[in-house]
Amino acid sequence: MFRLSLLLLLTTPLAAQWTTDQVYREYIWVTPPDSGEAFLRVGGRFGYAAQPGKLPDSLQQDDALLFPQALDLAGATRATLTFEKVLGHEDSRDLHVALNGNTPISVPEPTDVPAPQTEYMYHTDVSVEVPLGQLHEGHDNRFTLTLDTAQRWGWPQNLFYAVILRVYYPDEAGPEIDYPQDRTVPPTSYLYIKDVKPGDQLADYIFIGRDIDWSGRGVQQRKHWQSHRGEPLHTIGRSQDTSNFLAQAWQTEWLPNQTSFSVQARVLGADGKYRVSAPLENLTLAPRPYTVAVYGGEAPRNWVTRSGAFEQSIAVSDSIDRASAFRVNWVSWSPCYSNGVFLNGHLIWDRTEECYSFATHSPEYHDHDVSYLQQGENVISTALTPLFRGQMVHGMEVQWPGMQLLVKYGK
């Protein structure tokens, strides 16, 4: 079955998603940019607990990680921890977080990844509620992350690109997005915040509707908020243009056709708190001389190209006679060891990119390449990573939900 198409009309209510009139502070734990790795390893021989001294004292003491910021808990109503998590090695399980020496909290596997989730490559965010009583006002807030030490080939490992602590306060009326009254959206337009307050620092804008899912959920109809190292990733955009009502350009050339959609914003105020707007609803695409459709299908288990050749089926329900261009979209880890991506047996991507790192891909194809598309079933595949100097190398990991297609059709 096609999980993406079944869930087109659903959104996923997670603590990491935005709710109208929310007020919160955000404290982001990330590795230093010059530390050699953009992520934190948990578990196994290279886990942070086994490498004392790798991180600065401001971030780690013994087997505990430290939030470097001072927490403001005055008037707080609740708190959450959100983990930008990569499965890492299959069969790694039972992640727990313990705050300030308290009883460890179980961190669930992502609900939108098929069970057993520990058998799928994924890169997504998962959240847990944190009792306020486990946090300290000010500094000296520390946490530990642990995995089950068992793993079928002896190396349990998760990777974390950020750990985000959000402290929430009583709701307030949020900012308001400014947009023309007719609510039609051309290929390029601008979003603004009404009544920007003195000291407002920035605004993040997100799309609510159907589009490529970059969040690792495999849900295309959703609030499209995700981050990388705590910063927005594949959103409408972030504006710091306080002299111009926090204006943000919005590019919708490749936005899939749909009946209506919404946008939402959060504004970082002078007091260091984010405030979330109500969605600006009932937006529609302005007439354009083409249409765009989005397609997806379920990725195979443990899509790691060092392990073998893999393929994924994606159904294109429309006639391709009018197709003029398409994009293939996916999230990967360590794409330098790719040995090619194929569409219906045709090589369409074969590049050397960074090793041991996170990447997103959206190559675009025109002209003769469009003839590789088929109405009905399309098979996207990856080849086995070859040996390098006679030795096995890591291989590209394709993260759940695998490949997604955007196809542009002329009228």
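# Reading a predicted model: confidence, strands and charges

Modeller: This is a predicted model. Its chain has a mean pLDDT of 93, and 95% of the residues reach 70 or more.

Biologist: Where does pLDDT stay under 50?

Modeller: Over residues 1-15. For that stretch the model has 38 contacts beyond four places in sequence.

Biologist: Let us turn to strands. How do the strands of a sheet pair?

Modeller: In general, strands of a sheet pair through backbone hydrogen bonds, and the pairing is either parallel or antiparallel. Here, take strand 5, residues 78-86. Strand 5 pairs with strand 10 (residues 158-169) in the antiparallel sense, over 9 bridges. It is also joined to strand 8 (residues 123-130) by 8 bridges, again antiparallel.

Biologist: Is strand 5 largely enclosed or exposed?

Modeller: Strand 5 is largely enclosed by the rest of the structure, because 8 of its 9 residues are buried.

Biologist: What is the strand order in the open sheet of 5 strands?

Modeller: The order is 3-4-9-6-7, with antiparallel pairing. The edge strands are strand 3 (60-61) and strand 7 (105-106), each of which pairs on one side only. Strand 3 meets strand 4 (residues 64-66) through 2 bridges, in the antiparallel sense. Within that pair, Gln60 has Leu65 of strand 4 as its bridge partner.

Biologist: Now the charged side chains. How many salt bridges are there?

Modeller: The count comes to 20 salt bridges. One of them joins Asp91 and Arg93, whose closest N and O atoms are 2.5 Å apart.

Biologist: What does Arg142 form a salt bridge with?

Modeller: With Asp140, the closest N and O atoms being 3.1 Å apart. Arg142 is partly exposed, at a relative accessible area of 25%. Asp140 is partly exposed too, at 44%.

Biologist: Which residues are linked in a network of salt bridges?

Modeller: The network links Glu26, Arg166, Asp204, Glu231, Arg238 and Arg266. Take the salt bridge between Arg238 and Glu231: their closest N and O atoms lie 2.8 Å apart. Arg238 counts as partly exposed, at 27% relative accessibility, and Glu231 is partly exposed with a relative accessible area of 39%. Arg166, another member of the network, is the residue named above as the bridge partner of Thr80.

Biologist: Where does Arg306 lie?

Modeller: Arg306 lies in the loop between strand 23 (290-296) and strand 24 (310-316).

Biologist: What is the nearest side chain of opposite charge to Arg306, and how many Å away is that side chain?

Modeller: That is Glu397, at 4.2 Å. The cut-off for a salt bridge is within 4 Å, and Arg306, though buried, has no salt bridge.

Biologist: Which backbone oxygen does the side chain of Arg306 reach?

Modeller: That of His394, at 2.8 Å. For Arg306, then, the picture is a buried residue without a salt bridge, with its side chain reaching a backbone oxygen.

How values were computed. Residues numbered from 1 in each chain as written. Predicted model: local features only at pLDDT ≥ 70, side-chain atom pairs only at ≥ 80, totals over all residues. Heavy atoms only, no water. pLDDT = per-residue confidence, 0-100. Contact = heavy atoms within 4.5 Å. Buried < 20%, exposed > 50% of the residue type's maximum accessible area, 1.4 Å probe, protein only. Helix = DSSP H or I, 4+ residues; strand = E, 2+ residues; numbered from the N terminus. Pairing = 2+ DSSP bridges. Lys, Arg positive; Asp, Glu negative; His and termini not counted. Polar contact = N/O pair within 3.5 Å; in protein donor to acceptor, adjacent residues only side chain to side chain.
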